[in-house]
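Here are my notebook entries from a first look around.

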Amino acid sequence: MSLRIVSSCVNCWACQPVCPSDAILQAPKHFVINDRKCTECEGSYDVPQCASICPIEGAITNAAGEAMNPPGSLTGIPPAMVAAAQAEIRAR
Amino acid sequence: MELTVLDSAGAQPQQSGCSSSGCGSTDDQLAHLPDEIRDKVYNHPCYSEQAHHYFARMHVAVAPACNIQCHYCNRKYDCSNESRPGVVSELLTPDQAVKKTLAVAANIPQMTVLGIAGPGDPLANPERTFATFRMLSEQAPDIKLCVSTNGLALPESVDELAKHNIDHVTITINAVDPDVGAKIYPWIFWENKRIKGREAAAILIEQQQKGLQMLTERGILVKVNSVMIPGVNDEHLKEVSRIVKSKGAFLHNVMPLISEAEHGTFFGLMGQRGPEPEELQNLQDACAGDMNMMRHCRQCRADAVGLLGEDRGEEFTLDKIEAMEIDYEAAMVRRAEVHRSIEAELNQHAQAKPAAPADIDPDARPVLMAIASQGGGVINQHFGHAHEFLIYEASPAGVRFISHRKTDNYCEGGDTCGDGESVLSRTIATLSGCEAVLCSKIGYEPWDMLEAAGIKPNGEHAMERIEDAVAAVYREMWEAGALMTAADECLVVA
């Protein structure tokens, strides 16, 4: 049972100091979670700490690979709008 | 009547708003503060409008983590070409930060201040932030230390801040009303939970206000930064200004929202606009009735190095500082000498006779002028090389600094000016409202375009002190009959 940090991580360091299990490590591309240490904060906190401070939607997934913070949940920006804005910027 | 220079002569104009209380944090502006506070800020480039031309500052990026989200921030901060708060090229460990600070202080003797301003929140990274401060207060006791925070973790950090001899703290306070705050902060991380909406804003605001009070009670100087977001907190910031002043903040810095869509922030993507220079100036003027306003802020990067408005960060990258040999003892001696000579120069300016007396009608209208300057308080830059213009106002009451306006410089110095004309048009648009532009030199083409836009180019005052030159040009305008108000003209006709 472990959470995962995926490639959309922007290396902001917010999760690393709040992890009660010392399970988050800096790695070459982005932070990673040591699945042998991760407890999903059970026994320590009501909610997983890394997922509760991470600013990037989708950057942390649960054991089933689902986003802990799904699109639109943190920024309040509707996902379609982000996609449209990104397409517009890329087209320049 | 005598045309005084408001910054140095301490004149008291009579009008309301900004005019009645002056602008920037000039000597005049800080006059009501106790000597002890004035001593703390006279050589701080970010706090003193006058000092920022002479003294340099640097930020070290040791604090990447953040405990809140702001709608004007995108946590992707790694960029070398952008100049805005929160952006850095290199994240440093506390050891690297100390080494960089010593290297910069040894190479830029004008440096007085080291700040930690992110890219996240320094107090959400207490170990990294305080380790840096601890080492610096030992190894570089002549450098002032400052920190800039969102305030959420401030109350629990106040004792530690006081311990490290940090006598300046900046708190970003964009609202004192949770309903307004909820439109700016989508969430906070508080007591091991993510909290959203109004509840989050209420907690943040309470912590900010508590922290502000605790700092001022301990004699630590507090500046308040506010981001002006049109339609969200613009009117509300007047209330913020009143409240933070009553709680002892000594300076308020109202900054414009930066919200380009490509920065990927909520406000940028959702089309929230930033304020026009005139709107910002009007709000600063309105707040100035209650509070000392700061007007020379450049909203610099979280790893900026050098004078305000310039960035020498490229000279001090990790690989470059690794190769530097630093004798900090010797550097400290040299820095002390340089600081003494700057102080002497500032004192001389303060005592310098203001601009020559001019027979100007007290009802003559004020005029805005744009100045191209690379610092030093003099007109010393080619029009086409200016990345920003300093805006001064001349009026019968004197000359005062109003703001700076950023521009894309259209001339890259070579023959790569294919895009020149449109950039030049944009530059001229940013100078709207100004009637003259004073620079060291200017080409024919921009000269003609400025004239066509009703802005008089002037290269006659190169290397002169800005205030003196502005006063002289204002006087010429008066003598040429260009400052009469509509009412005066009616009288003449009658």
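How many residue pairs are in polar contact between chain A and chain B? I counted seven, with both residues at pLDDT 80 or more. By polar contact I mean a pair of N or O atoms within 3.5 Å; within protein, one must be able to donate a hydrogen and the other to accept it, and residues adjacent in sequence count only if both atoms are side-chain atoms.

**Ground rules.** This is a predicted model, where local features need pLDDT of at least 70 and side-chain atom pairs count only at pLDDT 80 or more, while totals for chains, interfaces and linings use all residues. Residues are numbered from 1 along each chain as its sequence is written, chains are lettered from A and ligands numbered from 1 in the order in which they are written, and side-chain values use heavy atoms, with hydrogens and water left out.

**The interface.** I next looked up who touches whom: 25 residues of chain A are in contact (heavy atoms within 4.5 Å) with 24 residues of chain B. Together the two chains bury about 2,000 Å², and 64% of that is on carbon and sulfur atoms. Buried area here is the accessible area (1.4 Å probe) that two parts lose on being put together, summed over both.

On the chain A side, α2 (49-53) and α3 (79-90) each supply at least two of the residues that touch chain B. The helix α2(A) gives the most, with four residues. Helices (H or I, at least four residues) and strands (E, at least two) are DSSP runs, numbered from the N terminus.

**Two residues with positive phi.** A:Asp22 is not a glycine, yet its phi is near 60 degrees. I found A:Asp22 in the loop between α1 (15-18) and β2 (24-25) of chain A. Is A:Asp22 buried or exposed? It counts as exposed, at 54% relative accessibility; the cut-offs are under 20% for buried, over 50% for exposed and partly exposed in between (1.4 Å probe, protein chains only).

B:Met463 also has a positive phi, about 70 degrees. Its place is the loop between β15 (456-458) and α16 (466-479) of chain B. B:Met463 is exposed, with a relative accessible area of 57%.

**Chain B as a whole.** I noted 17 helices and 15 strands in chain B. Of its 494 residues, 58% count as buried.
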